[in-house]
Amino acid sequence: MEYFIQQLVNGITLGSIYGLIAIGYTMVYGIIGMINFAHGDIFMIGAFVALISFIIFGLTGVALPIILLLVLLIAMLFTACYGWTVEKLAYKPLRGSFRLAPLISALGMSIVLQNYVQVAQGARVKPMQPLISGGLEFFKNSEFIVTVSYLQIFIVILTIILMGIFTYLITKTDLGRAQRACEQDRTMTALLGINVDRTISITFIIGSSLASVAGMMFVLYYGVIDFYIGFLAGIKAFTAAVLGGIGSLPGAMLGGLLIGLIETFWAGYVSLEYKDVAAFSVLIVVLIFFPTGFLGKPDIEKV
Amino acid sequence: MEKKDIIQSFKDSLFTGLIALALFGPIVGLRTASKGEGLFITPQWGVVFLLVGLCILGRFLINLNSVRKTEITSFSKFTSKFSAITEDKAKHFAITAILFAVVFPFLPFTDRYFMDVAIMILTYIMLGWGLNIVVGLAGLLDLGYVAFYAVGAYSYALIATTFGWSFWICLPLAGLFAAFFGILLGFPVLRLRGDYLAIVTLGFGEIIRIILINWYEVTNGPDGITGIPRPSFFGLPFKRSPDEGETSFHLFFNLEYSTMHRIIFLYYLILVLALITNYFTLKIRKLPVGRAWEALREDEIACKSLGVNPTNTKLTAFAIGAMFGGFAGSFFATRQAFISPESFTFIESAIIVAIVVLGGMGSQTGVVLASIFLIGITEMFRDLEQYRMIAFGGAMVLIMVFKPKGILANRKPTILMHGDKK
């Protein structure tokens, strides 16, 4: 039982990270109907920016909460630039083109970003000393002590806060309304005087910022990154988005949590080597029984 | 150009510079390197300023001449002229290309390196043609094609090393295994819509790779399988000194021993395999099942209402595509004599899909051109090992941006309703 609770806590933490990345996929898919393959690499760049700023601020000796806040903002800012540029360079010229074109362009962009970081930062893994240590311990009398580290609490709380802000942004503000309108009908939205290009750009900026936060969490949580982390994390996050129903924002978060939980429970109870297989197998099974994911809108084909 | 425009484009360039600074500043400018305990930062501002300067200059020049527009039009004019030529003279083009491919090993400038590159390009052409059945004809986006390539390579390697059967028996078996895997995967997932299918096939590719890494008893894990038998020339091995009671190739034909014999044989082997794939595809397009594929690609609902069973039709495309992937995999295994899961990563799938889409989906000639172009680019950058994948990815993006339908963009259905009216 204690072991179960420990895995649950770990799973929720991991799920928060996947969920934040998954939002970027699901938003972009919702608004322009493409799989943004480079999103995983945007997440990787976010992790690198966070790592670099942690090192810089680590030398100055500022208090920890201020460092965390500053790194968060810096990572979001710089990574958003990447998201924006990628959209401008690789996807915008292809809008209205046939379905596979942006996907191939995104694949190319993903290869470029990965190798660019490899060239600029070196291929070696980058370790970082843990910044937030310690934690709360439960069930001290039993054999297995459940530890909830402060870092895990930080990650989950930060995710909840960001989700709150984000939900407000999408449901209550003009920007969110414009975004949802673009999702439904881009031509009509443009006719009603909404700058569609700008709305799409902002979608990419928001998605990339959230991915960069996930990147920062990843650096803190695992303490080691390399240029290749984006691929697997990206695929799992996309799996999460599909699982929750692509295009649905609560679905992305739910899917992220599910993928995180499945992965940790699988690793804890079944087999560590095959933990990546678990996520994909679940995806295949879910898609067979719920072809549009858990919270997705049913897909009506029109002639 | 008016003064206002110049000021405008100047501002625009400065903005580009600012963005470029934000992009390159942290990632390029602050290089992390580990020294003993922990990481340290080595600033590299020189490179950053160079890159930012280039961006500003490039943007300014583009604005000044609006280079981009003329370039796009001239580029697409060139390629559409080119595709029109290849369309009109498709037969001549194909015959010339095949003749060139046949005499290629005996041309004076052909050396070992050229042969290796040619074999690699032909392998990708074959994979491209195999995937073209799935993506180009049936319109199913398969991002896990490398899985079938891997299944083919591993089943060839395992059969050949365990039973010691010859290449010509193992090859069809490996193809069958791959086709079987295609059906196994395709059966549950082919009902899914395009993008879902893409991600599921991607997942399948990764699952196969993870199993190959972890299933030590059979696949020998990350160490891979070594000592895969080399192919023989219909029973005559390519060896300097053959075993007792065996005649080797050079002794039989009274030639002086050279390692090139084997390379040339491998070259012709893959050439023949690739041409078989091509011939098969061209023929099957004219059969009912091939027409059903193309019809499904264009309109699934219409197909359903006309009594075409979409799942079964897609399944045949998937299985046949997988089979050719398996053949290519066997060839890869026998050529390398060593395989490991390292060779079957997602990037391979991405390259094959890129070849099919960049070539212009469904165009057989396009696959050839795209393979030569993409593999050629990575070979040209061979000395700059680190930069070659950047060039590769960049080329993918650029071709898509300037020529979204691929190099050869005229995708015509094999048959038309009213004869050949254009």
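## Ala94 of chain B

Ala94(B) counts as partly exposed because it has 17 C-beta neighbours inside 10 Å. On this scale a residue is buried if 20 or more other C-beta atoms lie within 10 Å of its own, exposed if 12 or fewer, and partly exposed in between, with C-beta atoms placed from the backbone. The residue lies in helix α4 (residues 90-103) of chain B. Helices (H or I, at least four residues) and strands (E, at least two) are DSSP runs, numbered from the N terminus.

## Model and numbering

This is a predicted model, in which local features need pLDDT of at least 70, side-chain atom pairs count only at pLDDT 80 or more, and totals for chains, interfaces and linings use all residues. Residues are numbered from 1 along each chain as its sequence is written, while chains are lettered from A and ligands numbered from 1 in the order in which they are written.

## The two chains

Chain A has 11 helices and 4 strands. Its C-alpha trace spans about 65 × 50 × 40 Å along the principal axes. The radius of gyration of chain A is 19 Å, which agrees with the value near 19 Å for a compact globule of 303 residues. That radius is taken over C-alpha atoms, and the globule rule is 2.2 Å times the number of residues to the power 0.38. Of the 303 residues in chain A, 49% count as buried.

Chain B has 17 helices and 4 strands. Buried residues make up 41% of its 422 residues. Two residues are in contact if their C-beta atoms, placed from the backbone, lie within 7 Å. Take contacts between residues at least 6 apart in sequence: in chain A, 76% of them join residues at least 24 apart. In chain B, 75% of such contacts join residues at least 24 apart.

## Interface

In the interface, 49 residues of chain B are in contact with 58 residues of chain A. On the chain B side, α1 (3-29), β1 (30-34), β2 (39-43), α7 (167-189), α8 (194-214), α15 (346-358) and α17 (385-402) each supply at least two residues. α8(B) gives the most, with 12 residues.

The chain B side divides into 35 nonpolar, 9 polar and 5 charged residues. Here Ala, Val, Leu, Ile, Met, Phe, Trp, Tyr, Cys and Pro count as nonpolar, Asp, Glu, Lys and Arg as charged, and the others, Gly among them, as polar.

## Nonpolar core

A nonpolar core is a set of buried Ala, Val, Leu, Ile, Met, Phe, Trp, Tyr and Cys residues joined through C-beta atoms within 7 Å. The largest one holds 204 residues, of which Ala47(A) and Ala354(B) touch the most other members. Helix α5 (residues 112-137) of chain B gives the most to this core, with 14 residues. The core lies between domain 1 (3-65) and domain 2 (74-402) of chain B, because both give residues to it. The domain bounds come from an automatic or database domain assignment.

Not counting residues up to four places away in sequence, Ala47(A) touches Gly215(A), Met216(A), Phe218(A), Val219(A), Ile225(A) and Ile229(A).

The expected span is 1.5 Å times one less than the number of residues in the helix. α14(B) is mostly covered, with 22 of its 27 residues buried. Ala337(B) follows. This residue sits in the loop between α14 (310-336) and β4 (338-339) of chain B. Ala337(B) has a positive phi of about 60 degrees although it is not a glycine. Ala337(B) is partly exposed because 13 other C-beta atoms lie within 10 Å.

In chain A, helix α4 (residues 100-121) has 22 residues and reaches 32 Å from its first C-alpha to its last, close to the 32 Å expected. α4(A) is mostly covered too, as 20 of its 22 residues are buried. Just after α4(A), Gly122(A) takes a positive phi of about 90 degrees.

## Ala153 of chain B

Ala153(B) is found in helix α6 (residues 145-163) of chain B. With 30 other C-beta atoms within 10 Å, Ala153(B) is buried. Leaving aside neighbours within four places in sequence, Ala153(B) is in contact with Gly329(B), Ser330(B), Phe332(B), Ala333(B) and Ile339(B). Leu143(B) is 10 residues from Ala153(B) along the chain, and their C-alpha atoms are separated by 18 Å.
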